[in-house]
Amino acid sequence: VRPVISNSEIIVLIFLIFTLTLPFFQFNRNNKLTFAHPLIFYSSLMFFYTVLCPIYQIVFNETFNKGLDFREQYLLGWQGALLSVISVFIGYSLKHKVKKGSKYCNLNYESLWSIGLSINIIGILSFMLIMGFDLSNLNPFAGESQSIDFLAYRGGFKNYFLYTQDFLVSGSLLMFASSYTTKKNFPITLLSVLMSATLYLNQGFRYRLLFLFLSLIIFLLYKEEKLNARRSIIIGLFAIIFGSLSMTLIGAIRNYDQGLDLAKINIESNVILNIVKTGESTVFSTTSGIINLIPKTLPFENFYPIFKTIIHPLPSAFFDKDAGDYAFKILDGVFGFKDIYKGAAYLNFGEFYLMFGWFGIFIFNFLLGYLFKKLWIWINIHREEPLAIIIYILNVNYIFMVISRGYLPQIAHLYFFSLFPVYAIYFYKLKRKLTN
């Protein structure tokens, strides 16, 4: 009888779990920013995707993904995860020359509110332009479109307007941060957050809803002086549990671009099992399948994903960029070339592996760790700047997408639309510090 977990898998898992616990020693009660330390976020996400979900699936015999059993390939996934974590830590551990900031952004919390409101107005109006100003997009339970066709933009830059809905995360966070700090404009701020949430629910993309509320929670934990370390951890754990349950429920009843269908709710189902059986949990098995597939069946992609990332912003109407071609080809191979790959996703180290193998996992995660360190140094220099705090929270928030969605062109594209507004304001308002 085959053991549930082999000796080789146990050894790799022990090392993986051990390395994933190391970043939590970065926590410092005297520095509330460590609640949102990049390495702590990274390790928490990697633990969920590469330890918790696959072990649960093994114990409860849920290792099937689209009808195929990936259990025999889990060791490859764990080896890739361990190499990823070690590489990130090596990149982070490099010594950096810490320079005192010669420039600063002088925007205070009160001024952030009008900026956030402007960003949200631009985001909603631009999105509504391609939807024909269909107000049903703000109703998560609307089943039919009420689009005004002659007002809908159908030109070559349609996708640019579509992705302006991502502006609402940064805009809402700016408004919330300002209102929470100054105790002003709360009704309009809450209405803006509610409109953003209902729009995201209608579209059916859970990650946007996660970004929205996670950013607000992180800011709350950072800013609230009355919250001690213990209470902050309790609130954080509650938020994780509530978020997992909410994302599972939304995933079960969502219809893309058509809102939520309450008739799909199954109150008799096992909630915990459903959390681990969602599409989020299957990304590990898909990633393991990629490592097993290449180069045995398909060749490495080398620099092709980087090339696709560079040309991805070009409008499809003017340039046939064949978006997703290499990812679809590989995912089709993972599932036996049966054309059943739709909806599948894989972790970031799967993308790194399909480019350059094990070396790809090492070098790209090494660079990721280096960027984590640069981000941490930067925010500790600029921590007195309100807009810098917002930018930092949004970057830490985005680690979820970097880890859980390996497709490189998508990661870069969504990062631009999620953070471009705040970066543009920040660099526009940079001023040189006066020296004696």
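Select F219 first: setting aside neighbours within four places in sequence, F219 is in contact with Y109, L173, F176, A177, Y180, T181, I389, I390 and I393, where contact means heavy atoms within 4.5 Å. What you have open is a predicted model, in which local features need pLDDT of at least 70, side-chain atom pairs count only at pLDDT 80 or more, and totals for chains, interfaces and linings use all residues. Residues are numbered from 1 along each chain as its sequence is written, and side-chain values use heavy atoms, with hydrogens and water left out.

**Next, the core.** F219 belongs to the largest nonpolar core, a group of 107 residues. Such a core is a set of buried Ala, Val, Leu, Ile, Met, Phe, Trp, Tyr and Cys residues joined through side-chain atoms within 4.5 Å. Buried means under 20% relative accessible area, exposed means over 50%, and partly exposed lies in between (1.4 Å probe, protein chains only). Then colour helix α15, residues 386–404, which gives the most to the core, with 15 residues.

**Zoom out.** The protein has 16 helices and 6 strands, taken as DSSP runs (helices H or I, at least four residues; strands E, at least two) and numbered from the N terminus. Of its 436 residues, 52% count as buried. Among contacts with a separation of 6 or more, 77% are between residues 24 or more positions apart.

**Now the charged pairs.** There are 6 salt bridges, each a side-chain nitrogen of Lys or Arg within 4 Å of a carboxyl oxygen of Asp or Glu.

- Select R208 and D166, whose side chains meet at 2.6 Å, N to O. R208 sits in helix α8 (residues 206–223) and D166 in the loop between α5 (158–162) and α6, 42 residues apart. Both R208 and D166 are buried.
- Move to E110 and K184, with their closest N and O atoms 3.0 Å apart. E110 is partly exposed at 46% relative accessible area, and K184 is partly exposed at 40%.
- Finish with K342 and D339, a salt bridge with its closest N and O atoms 3.6 Å apart. Is K342 buried or exposed? At 56% relative accessibility, K342 counts as exposed, whereas D339 is partly exposed at 49%.
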